[in-house]
Amino acid sequence: MEPKGVQRLSQHQFATRMALVLWSSVPDEPLLELADSGSLFEPEVIQQQLRRMLADERARALGENFGLQWLGLTDLLRQQPDAEVFPQFDADLLKDFREEVVRTICGVFREGRPLTDLLAADRVMVNGRLANHYGLPVGERAEGEAVGGAAGELGWGWVGIANSPRGGLITTAAVLTRTSYPRRSSPVLRGKWILEEILGAKVPPPPPGVPALEEVKEAEGVVMTLKERLSKHRVQPECASCHARMDPLGFGLENFNAVGVWRDEEFGRAVDATGELPSGETFQGAIELKNLLLKRRDEFEKHFIRKLVGFAFGRELNKFDQCVQERALERLHREGRADGILEEILLSYPFQHRYYPDN
């Protein structure tokens, strides 16, 4: 007889679902043996298995499948910065950009780190080539595998970067490249990305007929900075409201070029990385931008949890899923560990049950 209504998963179905979320793969023997014994639903067993599975290399799938999807980076390897402007850039470096994000997100869960490490951190995950790209001392590391001495070596490890504008996802080369044009950075794209992917805000599309930024005319003999050109672009009332929210956030990242390399000048003039929000609050550069976002951590945490719960459930969320998100947020605030979010999801009623419609 076919099941109807809401039914609890079988132990083996639960093992499969757990493996799909954490590994994007099938359950292994230890998980199947627990399902055979009928003990897999016990909370302490779920907790133990979660720790074991996060320690497994297959848990990188959390960064690769959930992380890249959440951040809008699934098509990152298609990015093609202009070779004339950025001759040092190549496909191998782009793969390193992607790998940094995957390992960074996975590491937050695997090590039980605070979720805010994804906003701002005192360490970065790099290999030798990426360390050179960032201008970091190659060979110095905080923990993990040796970074290696040659630019092409692929050993990955954490490098400490206290008081640096690096650290956190916002200043990874992957994000900075994805939110740029082939020949230049884009405060608009970067600000929009922060609002949508980090804070979960909605940004409407631009109104029809708005000219491209490149069409803003410069006076003869005058070279305008990108910030000056954008200020002219925002004169139009229909553009002003959204750009007042987006652009200042993007300006905070202007010290990074279109492939994530630090710069102090643009067109021979000092980069202006100041931003002023509609509230009147001002900030200077990436460090102060991150501090500003940490003040809005509530928005970030709620958005992140909503995205992760949706990924784990594999469907659109509904009002009955709100309790799972609230419990995960409470646990995060209580314990400060990102892996606690995953445990709350695995223990939740919606994750352990399935609805079978009447036919």
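Trainee: Before we start, what does "buried" mean here?
Mentor: Buried means under 20% relative accessible area. Keep in mind that this is a predicted model.

Trainee: How many helices and strands am I looking at?
Mentor: There are 15 helices and nine strands in the chain.

Trainee: Which ones are they?
Mentor: The buried residues of α14 are Asp339, Gly340, Ile341, Leu342, Glu343, Glu344, Ile345 and Leu346.

Trainee: How do α12 and α14 cross?
Mentor: Helix α12, residues 297-313, and helix α14, residues 339-347, have axes that come within 11 Å and cross at roughly 45°. That angle makes α12 oblique to α14. The crossing of α12 past α14 is right-handed.

Trainee: Which residues make the contact?
Mentor: From α12 you have Phe304, Ile305, Leu308, Val309, Ala312 and Phe313, and from α14 there are Ile341, Leu342 and Ile345.

Trainee: What classes do those residues fall into?
Mentor: Nine are nonpolar, and the contact of α12 with α14 has no polar and no charged residues.

Trainee: Back to the whole chain. Among contacts between residues at least 6 apart in sequence, how many join residues at least 24 apart?
Mentor: That comes to 68% of them.

Technical notes. Residues are numbered from 1 along each chain as its sequence is written. This is a predicted model: local features need pLDDT of at least 70, side-chain atom pairs count only at pLDDT 80 or more; totals for chains, interfaces and linings use all residues. Side-chain values use heavy atoms; hydrogens and water are left out. Axes are lines fitted to C-alpha atoms, for helices over the stretch in contact, and angles run from 0 to 180 degrees between N-to-C directions. Helices (H or I, at least four residues) and strands (E, at least two) are DSSP runs, numbered from the N terminus. Angles under 35 degrees count as roughly parallel, over 145 as roughly antiparallel, 65 to 115 as roughly perpendicular and the rest as oblique. A crossing is left-handed if the near helix is turned anticlockwise from the far one by less than a right angle, and right-handed if clockwise. Contact means heavy atoms within 4.5 Å. Ala, Val, Leu, Ile, Met, Phe, Trp, Tyr, Cys and Pro count as nonpolar, Asp, Glu, Lys and Arg as charged, and the others, Gly among them, as polar. Buried means under 20% relative accessible area, exposed over 50%, partly exposed in between (1.4 Å probe, protein chains only).
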